[in-house]
Amino acid sequence: MTIAIVGGGICGLSLALNLHARGIACRVYEAAPELKELGVGITLLPHAMRELSALGLGDELLAAGIENAESCFFNRFGQLIYKEPRGKAAGYQYPEVGIHRGRLHLALYRAVQERIGTDCVVTNHLCTGVEQNESSARLMFKETTSGQPLPPVSADIVIACDGVNSALRKQLVADSVVFIGINAWRGVTRMKPILTGRSYLRIGSILTGKIVIYPIANYEDGTQLINWTTELTRDTSDMNDWNKPGDSADFISVYESWRFDWLDVPEMIRKSEIVLEYPMVDKDPLPCWTFGRVTLAGDAAHPMYPRGSNGSAQSVIDARVLADCLAEGGDPRDALKAYEAARREATGKVVRTNREHPPDFINIKVEELTGDKPFDNLDDFITQDELRALSDNYKRIAGFAVSDVKGA
């Protein structure tokens, strides 16, 4: 059986490692001319760390990032709304880790090269489409750098792991991203630790301005690399551009007054090493994502709002489930259908929940109840038990309540 994986991101490389662990060969075709340490921060929730630990990468990733100990919710006036322990501090078997996305990506890439071989990942291959018949599938590529056509690749099975803008999903489904006016900007700032130095923070809401902040690396001088993400809802159809650098002038006015005893938000933004912009988009859950010898995985199958840190977790779970199904033997097309049956509804629930009741629904609820004003006693509006119930509900739907995250 020959397996072609389109896309050498987190999902594609995790899938290659899972297949290799089950004695199944594959080849990964990546559009980038070379894999580099790019991007900003990412949070690996306990169920993501369960999957990555099963691949033998848990200790390496924990050492490369920062283990989160608590999650804190604040209003835009700097008042604490709710906090809870996270990861092992909350009773999980696995930690919750904030890490530079590029470090995670390169850790997966190194593992693929060391375990499978340096020729497993073929770069500079931009997929342009797929054909299939009863006996095989054939992928078409062009060289990313020159645009010149490349020889087609035949395979028994094709797995599209090429992200939210998947060329194969576009061909097979022809849907488009859903944008409702939320744009986001991200950056990383080297600065002294905030609160415990292991705190994941959500401040404000998308109704009046929101920022998510967490550390992703420690330095010997006691400073940390802090990842931050802003989200703003505006009455606009203009989407931020994935391919352009961001400009803090486009959004910093919203945060100018966010100067708290424990954090100066505008100063953190201004001192950022980089600013990236992107639109907050997802796609409607699909009624089907397997088409004969081709299936979708990760963000190609179920792109979701980057809220709750669940995109990477769902991708690496896809990789393990798909590898397990293929390892059962038999007609690989049946394995693809079994994988879809196991994952499509589960991920669809997360997509819908991230739209309607994401983790920061806590912030939105409090903002509505208090009239977006500072409070003297939050219990006059909502209790801590009620806020905890909102948080626990998201964890249940997303599949990472403590009872859900057991050993792989």
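Cys127 counts as buried at 8% relative accessibility, where buried means under 20% relative accessible area, exposed means over 50%, and partly exposed lies in between, all with a 1.4 Å probe and with protein chains only. The structure is a predicted model, in which local features need pLDDT of at least 70 and side-chain atom pairs count only at pLDDT 80 or more, whereas totals for chains, interfaces and linings use all residues. Residues are numbered from 1 along each chain as its sequence is written, and side-chain values use heavy atoms, with hydrogens and water left out.

With a disulfide taken as a pair of cysteine sulfur atoms within 2.5 Å, the count comes to zero disulfides. Cys127 is in no disulfide, and the nearest cysteine sulfur, that of Cys161, is 11 Å away. Cys161 is itself buried, with a relative accessible area of 8%.

## Overall form of the chain

The secondary structure of the protein chain comes to 10 helices and 19 strands; these are DSSP runs numbered from the N terminus, helices being H or I with at least four residues and strands being E with at least two. The radius of gyration, taken over C-alpha atoms and compared with a globule rule of 2.2 Å times the number of residues to the power 0.38, is 21 Å for the protein chain, which agrees with the value near 22 Å that a compact globule of 408 residues would have. Along the principal axes, the C-alpha atoms fill a box of roughly 70 × 45 × 45 Å.

Of the 408 residues in the protein chain, 55% are buried. Contacts (heavy atoms within 4.5 Å) between residues at least 6 apart in sequence join residues at least 24 apart in 73% of cases.

## Surface and charge

The accessible surface of the protein chain comes to about 17,000 Å², and carbon and sulfur atoms account for 48% of this surface; the areas come from the Shrake-Rupley method with a 1.4 Å probe, and for residues only the protein chains shown count as cover.

The protein chain carries 44 positive and 54 negative side chains, with the centres of the two sets 2 Å apart. In this count Lys and Arg are positive and Asp and Glu negative, while His and the chain ends are not counted, and the place of a charge is taken as NZ of Lys, CZ of Arg, CG of Asp or CD of Glu.

## Helix α9 and its surroundings

Helix α9, residues 361-370, is mostly covered, seven of its 10 residues being buried. The buried positions in α9 are Phe361, Ile362, Asn363, Ile364, Val366, Glu367 and Thr370. These buried residues pack against the strands β5 (70-74), β6 (80-85) and β14 (199-205), and also against the helices α8 (332-356) and α10 (384-398). Just after α9, Gly371 takes a positive phi of about 70 degrees.

Strand β6, one of the elements against which the buried residues of α9 pack, includes Glu84, which is buried with a relative accessible area of 6%. Leaving out residues up to four places away in sequence, Glu84 touches Ala69, Glu70, Ser71, Ser391 and Lys395. The C-alpha atoms of Glu84 and Cys72 are separated by 6.7 Å, the two residues being 12 apart along the chain.

Helix α8, also among the packing partners of α9, holds Ala342, which counts as partly exposed at 44% relative accessibility.

## Loops and backbone angles

Asn124, in the loop between β8 (121-122) and β9 (125-132), has a positive phi of about 60 degrees although it is not a glycine, and Asn124 counts as buried at 13% relative accessibility. Leu195, which is not a glycine either, has a positive phi of about 55 degrees; Leu195 lies in the loop between β13 (178-191) and β14 and is partly exposed, with a relative accessible area of 41%.

Gly222 is found in the loop between β15 (209-218) and β16 (224-233), where Gly222 is partly exposed with a relative accessible area of 43%. Gly222 and Pro193 are 29 residues apart in sequence, and their C-alpha atoms are 7.8 Å apart in space.
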